[in-house]
Protein chains: 2
Amino acid sequence: MARVVVDVMPKPEILDPQGQAVAGALARLGIAGVGDVRQGKHFELDVDDSVDDDTLHRIAGDLLANPVIEDWVVTRVTREGAAR
Amino acid sequence: MARVVVDVMPKPEILDPQGQAVAGALARLGIAGVGDVRQGKHFELDVDDSVDDDTLHRIAGDLLANPVIEDWVVTRVTREGAAR
């Protein structure tokens, strides 16, 4: 089994109220130096080596993300998690 | 400004109903070869170079994650996004 990471983020032009809420809270906590904050979803899947990249992108586009408002990145993580 | 990624995941011993729902949906879509699925949160922060690692871990532990049930990983992404 291999580990695959899929990160799903709102498209840049889409308003991200959750990210803005975090940025606002950071200011109230007195933490300076942080500009834009964006929040999305992080998936970790254990997949057989038989699962090819097309299938992974189908999984991401059909199930994990909403292609209209979200972008995604699929990353195959080597067994030791080197690509994290 | 540097880009920092914070991935927040439920601790392994914590039940992950969202991940299980995705795994079940994959089976119904007829996609085989996928074992465990875990779902968490993915944050992307633009931070000044003045923000040190301790501050980043404080942000993650105090605001982005619930340390009781979640683990997190902080990754500094070089300007070209090499570490994605």
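How much area do chain B and chain A bury between them, and what share of it is on carbon and sulfur atoms? The legends below take this predicted model one close-up at a time.

**View 1. The contact between chain B and chain A.** Here's the answer to the opening question: the two chains bury about 2,800 Å² between them, with 65% of it on carbon and sulfur atoms. Chain B puts 35 residues into the contact, and chain A puts in 35 residues as well. Look for salt bridges between chain B and chain A and you'll come up with 0. Polar contacts are another story: 12 residue pairs turn up across the interface, both partners at pLDDT 80 or more.

**View 2. The side of chain B that touches chain A.** Strand 2 of chain B gives the most, with 14 residues. Sort this side of chain B by residue type and you get 19 nonpolar, 7 polar and 9 charged residues.

**View 3. Strand 2 meets strand 2.** Zoom in on strand 2 (residues 34-47) of chain A and strand 2 of chain B, which run antiparallel and are joined by 11 bridges. Two pairings are handy landmarks here. A:F43 has B:Q39 as its bridge partner, and A:Q39 stands opposite B:F43.

View 4. Follow the strands across and the order reads 3(A)-1(A)-2(A)-2(B)-1(B)-3(B), an open sheet of 6 strands with antiparallel pairing. Strand 3 (70-77) of chain A and strand 3 of chain B sit at the edges with a single partner strand each, so one side of each has no neighbour in the sheet. On average, neighbouring strands are turned by 25° against each other, direction ignored.

**View 5. Helix 1 of each chain on the sheet.** Helix 1 (residues 17-28) of chain A packs on the sheet and touches strand 2 of chain A together with strand 2 of chain B. The direction of this chain A helix makes about 125° with that of strand 2 of chain A. Helix 1 of chain B lies across strand 2 of chain A together with strand 2 of chain B, and runs at about 125° to strand 2 of chain B.

**View 6. A salt bridge within chain A.** Over all chains, the structure holds 12 salt bridges. One pair to pick out is A:R76 with A:D53, whose closest N and O atoms are 2.9 Å apart. The pair ties together distant parts of the chain: A:R76 is in strand 3 of chain A and A:D53 in helix 2 (residues 53-64) of chain A, 23 residues apart.

Technical notes:
Residues numbered from 1 in each chain as written. Chains lettered and ligands numbered in written order. Predicted model: local features only at pLDDT ≥ 70, side-chain atom pairs only at ≥ 80, totals over all residues. Heavy atoms only, no water. Contact = heavy atoms within 4.5 Å. Buried area = accessible area lost by both parts, 1.4 Å probe. Salt bridge = Lys/Arg side-chain N within 4 Å of Asp/Glu carboxyl O. Polar contact = N/O pair within 3.5 Å; in protein donor to acceptor, adjacent residues only side chain to side chain. Helix = DSSP H or I, 4+ residues; strand = E, 2+ residues; numbered from the N terminus. Nonpolar A, V, L, I, M, F, W, Y, C, P; charged D, E, K, R; others polar. Pairing = 2+ DSSP bridges. Axes fitted to C-alpha atoms, helices over the stretch in contact; angles between N-to-C directions.
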